[in-house]
Amino acid sequence: MKAVATPDPLEEFKAFETTPGVNVIVLPDAPTFTLVAASNDFLSLTGLRKEDILHRGLFVCLPQNPNDGISTREQNIKGSFESVIKNKLSHELPSQRYDIRDSHGNFLLRYWKYKSFPLLDINGDVAYIVHNATNITDDAIAEKNFEGPKNLEKDYRFLTKAPVIIGYVRGEEYIIDFANEGLLEAWGRDKSVIGKPLFTAIPELEDQGTRGLLDHVRTTGKPFYAYGFPLLLNRSGRLETIYFDFVYQPFFQDEAEQIVSGVFSVGHDVTAQVLAKKEIESTEKKWKELADLMPAIVWRGDAEGKINFLNKRWYEFTGLSEDASINFGWTQVVHPDDIEASLAIWNESLSKGQFYQSELRYKHHDNSFRWMIARAIPIRQDGVITSWYGTSSDIQEHKQLELLLEESVRKRTLQLEKSLSDLKYAHANLEEFSYAASHDLSEPVRKFQFYSNRLKEELKHILDEKQIKFFTRLEQSANRMQNLIQNLLEYSHASKGSQIFEEIHLETLLSSVLEDLELIIRQKKAVISFENLPTLTGSIRQLQQLFQNLVSNALKYCKADVAPEINVVSSITTGKTCGKDLADDLTNRSFYLIKVSDNGIGFNQEDAEKIFKVFTRLHSSDTYSGSGIGLSIVWKVVESHNGFIWADSEPAVGSTFSILLPVSQQSENDPLQ
Ligand code: ADP
């Protein structure tokens with residue numbers, strides 16, 4: 001250190017303190033450059049106290065900002081001092097940055113112009129160096145630093161109209177140098193904010209952390225990215241929350257020196273998207289809450305049906321964890337016997353994009369299985385399936401009831417089948433009995449007739465008139481009994497059905513029946529007509545019985561004073577058009593419709609069905625003899641030919657018996673089919 005021949009420099013330079021500007025006097029004791037005097041402006045600018053700095057090195061009192069990126073600032077000033085010492089001439093430093101600490105010790109960006117000149121002693125040596133610093137921070141930044149953004153605005157006017165938000169704020173005060181229309185709109189402000197400090201123009205930003213973020217970007221030089229960042233902005237008189245995606249990008253005045261001069265912001269107003277997303281999230285939340293309230297299991301799957309949501313019921317029922325449920329899906333709880341069928345239906349629904357439904361058993365957490373009805377529907381957007389929604393409802397009770405019902409129907413059917421077969425058996429026995437009884441009875445009756453006849457012949461010369469009448473009554477009763485037995489035998493025969501079916505020319509058959517009845521026809525002067533009767537397949541004997549009974553009834557139940565007129569006609573019809581309600585499978589079958597009508601005494605239509613029952617008679621046997629078996633034989637004959645019969649009648653007008661006989665006994669031979 002150089003010796004200084006000054007008794008009290010402090011006193012000597014007292015007047016120096018009042019010099020205008022930032023001035024200091026230092027000793028030429030490189031590299032310390034001890035401070036011996038400082039102007040009041042220097043003290044107020046640096047916030048330092050005189051007593052703390054005098055007799056200390058200038059660069060100890062004012063250390064260089066270690067973060068400004070350039071390490072030679074201090075060296076440049078020292079170099080200037082050394083030039084003064086060496087050349088004993090003043091020396092100037094062009095604009096240079098040298099940051100000064102504020103009262104909190106934080107460095108503030110500052111630019112200076114420096115001028116140093118020597119104070120020589122009597123020997124002509126440099127005794128002191130007077131150092132003057134001029135603060136040119138604003139000018140330096142204004143001149144150099146902002147050429148970039150200003151040019152940007154000039155050269156790239158399209159930025160103003162760009163569909164993004166672009167802004168540039170300068171310096172520590174964040175003067176708004178540039179704000180495009182998008183940013184002004186987002187702020188809810190007009191162009192008048194340009195040129196104003198950001199937090200004066202948009203004061204509501206102050207409390208929302210924006211300053212801290214900008215400071216951080218400006219001082220660290222690191223960009224800051226934000227997505228869906230909410231800001232409360234005073235737009236048209238009220239505070240609104242606006243969401244932004246943006247980046248705060250540091251703008252360097254000098255890339256090499258990393259002088260930071262301001263912050264660029266580029267971004268988007270994403271409020272609509274954020275609100276839509278929030279809305280979707282809230283709808284989704286509500287849907288899930290609703291799904292949890294449902295008594296059924298509710299699930300949702302993606303387009304491929306892979307489950308991504310299951311409601312509470314599922315977890316309560318299965319006892320499975322969410323991981324297991326989502327990863328392994330619903331099939332893990334399906335009963336092994338149901339899995340194949342339900343998967344087949346599900347896969348078909350998936351491939352065709354159609355409604356799914358199946359009944360299957362799910363395993364409860366207590367290891368029991370319960371019946372469920374599972375349903376699912378695809379949800380489409382623009383015709384493309386985006387998801388599947390499904391439910392599974394417990395139908396265990398319903399299923400149990402169904403099974404019980406099925407079981408009871410099965411049992412009932414079995415019972416009914418048994419009753420039916422018992423009935424058939426009883427009926428067959430009865431018919432067997434009636435046949436046997438009739439057959440066995442006919443012989444004693446014949447003998448009774450024979451011997452009573454012989455007895456009458458042998459005794460006829462000794463019998464008086466009254467006794468002869470008794471014999472006649474005896475004969476009549478025996479004849480009636482024989483007739484009844486004959487009818488019963490025929491009925492039994494018709495009941496058994498005929499095994500021999502052959503081709504029958506009905507007109508020929510009817511003619512032979514009429515021949516047998518010739519006597520009575522002549523007696524009654526009856527007129528009988530028939531035409532176009534078909535040739536059909538059937539039993540000759542049975543069809544003979546049929547016509548025999550119908551024609552003889554028509555002759556028997558005639559009016560006393562009117563000659564009987566009997567008409568037999570035939571036509572072809574179908575099950576649908578025949579005039580009778582037949583089973584559905586017969587509607588298209590063809591039938592011969594044969595009608596036998598008379599002009600006799602007729603009967604009430606309400607009796608039309610019961611006359612076909614055995615032993616049913618509507619008229620008194622005093623006037624009209626009979627056994628009540630004839631029409632039941634007719635019924636049996638029609639039945640064994642797979643046909644139908646019914647009667648239409650009106651008292652005192654006449655009766656018509658309609659007989660439907662299939663055109664062909666086998667449907668494949670049916671000419672009309
Ligand atoms: P029946 O031996 O009494 O004639 P059917 O079984 O042949 O027995 O007939 C049953 C009853 O139907 C008859 O008693 C009669 O009252 C009534 N009946 C049958 N055919 C006719 C007809 N053509 N006209 C009026 N009534 C008839």
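Strands E8 (165-170), E9 (175-179), E10 (224-235), E11 (238-254) and E12 (259-269), together with helices H9 (181-187) and H11 (210-220), each give at least two residues to the lining of the largest cavity. Helices here are DSSP runs of H or I with at least four residues, strands are DSSP runs of E with at least two, and both are numbered from the N terminus. A quick note before going on: this is a predicted model, where local features need pLDDT of at least 70, side-chain atom pairs count only at pLDDT 80 or more, and totals for chains, interfaces and linings use all residues. Residues are numbered from 1 along each chain as its sequence is written, and side-chain values use heavy atoms, with hydrogens and water left out.

**The cavities**

Back to that cavity. On a 1 Å grid over the protein atoms alone, a cavity is a set of points where a 1.4 Å probe fits but cannot get out, while a pocket is an open set with protein on both sides within 12 Å along at least five of seven lines; lining residues have an atom within 4 Å of a point. Grid points are joined across faces, edges and corners, and a volume is the space filled by probe spheres set on the points. The structure has four cavities of 30 Å³ or more.

The largest cavity is lined by 22 residues, and Leu183, Trp187, Leu205, Tyr248 and Ser265 lie nearest its centre. For the second largest cavity, at about 170 Å³, there are 16 lining residues, with Phe42, Leu62, Tyr114, His131 and Ala133 closest to the centre. Its lining draws at least two residues from each of strand E1 (22-26), helix H2 (40-46), helix H4 (58-61), strand E6 (111-120) and strand E7 (126-135).

Here are the spaces side by side. In the class counts, Ala, Val, Leu, Ile, Met, Phe, Trp, Tyr, Cys and Pro are nonpolar, Asp, Glu, Lys and Arg are charged, and the others, Gly among them, are polar.

| Space | Volume | Lining by class |
|---|---|---|
| Largest cavity | about 250 Å³ | 16 nonpolar, five polar, one charged residues |
| Second largest cavity | about 170 Å³ | 13 nonpolar, three polar, no charged residues |
| Largest pocket | about 1000 Å³ | 13 nonpolar, 17 polar, six charged residues |

**The pocket and its ligand**

The largest pocket has 36 lining residues, and Asn553, Lys556, Tyr557, Ser625 and Gly626 lie nearest its centre. Helices H17 (465-496), H20 and H21, plus strand E24, each give two or more residues to this lining. H20 has the largest share, with seven residues.

The ligand sits in this largest pocket, meaning that more than half of its atoms lie within 2 Å of the pocket's grid points. Around the ligand are 20 residues, the closest being Asn553, Tyr557, Arg617, His619 and Leu631; a residue counts as near if one of its heavy atoms lies within 4 Å. Helix H20 (540-556), helix H21 (630-640) and strand E24 (654-662) each supply at least two residues of this shell, and H20 again has the largest share, here three residues. By class, the shell holds eight nonpolar, nine polar and three charged residues.

As for polar contacts (pairs of N or O atoms within 3.5 Å), a polar side-chain atom of Tyr557 is 2.8 Å from a ligand oxygen. A backbone N or O atom of Leu631 is also 2.8 Å from an oxygen atom of the ligand, and a polar backbone atom of Gly630 is 3.3 Å from a ligand oxygen. Taken alone, the ligand exposes 530 Å², and the protein buries 98% of that (Shrake-Rupley areas, 1.4 Å probe).

Most residues other than glycine have a negative phi, and most peptide bonds are trans. Tyr174, in the loop between E8 and E9, has a positive phi near 55°. The peptide bond from Ala30 to Pro31 is cis, with omega near 0°, and Pro31 lies in the loop between E1 and strand E2 (35-38).

Technical notes
A polar contact is a pair of N or O atoms within 3.5 Å; within protein, one must be able to donate a hydrogen and the other to accept it, and residues adjacent in sequence count only if both atoms are side-chain atoms.
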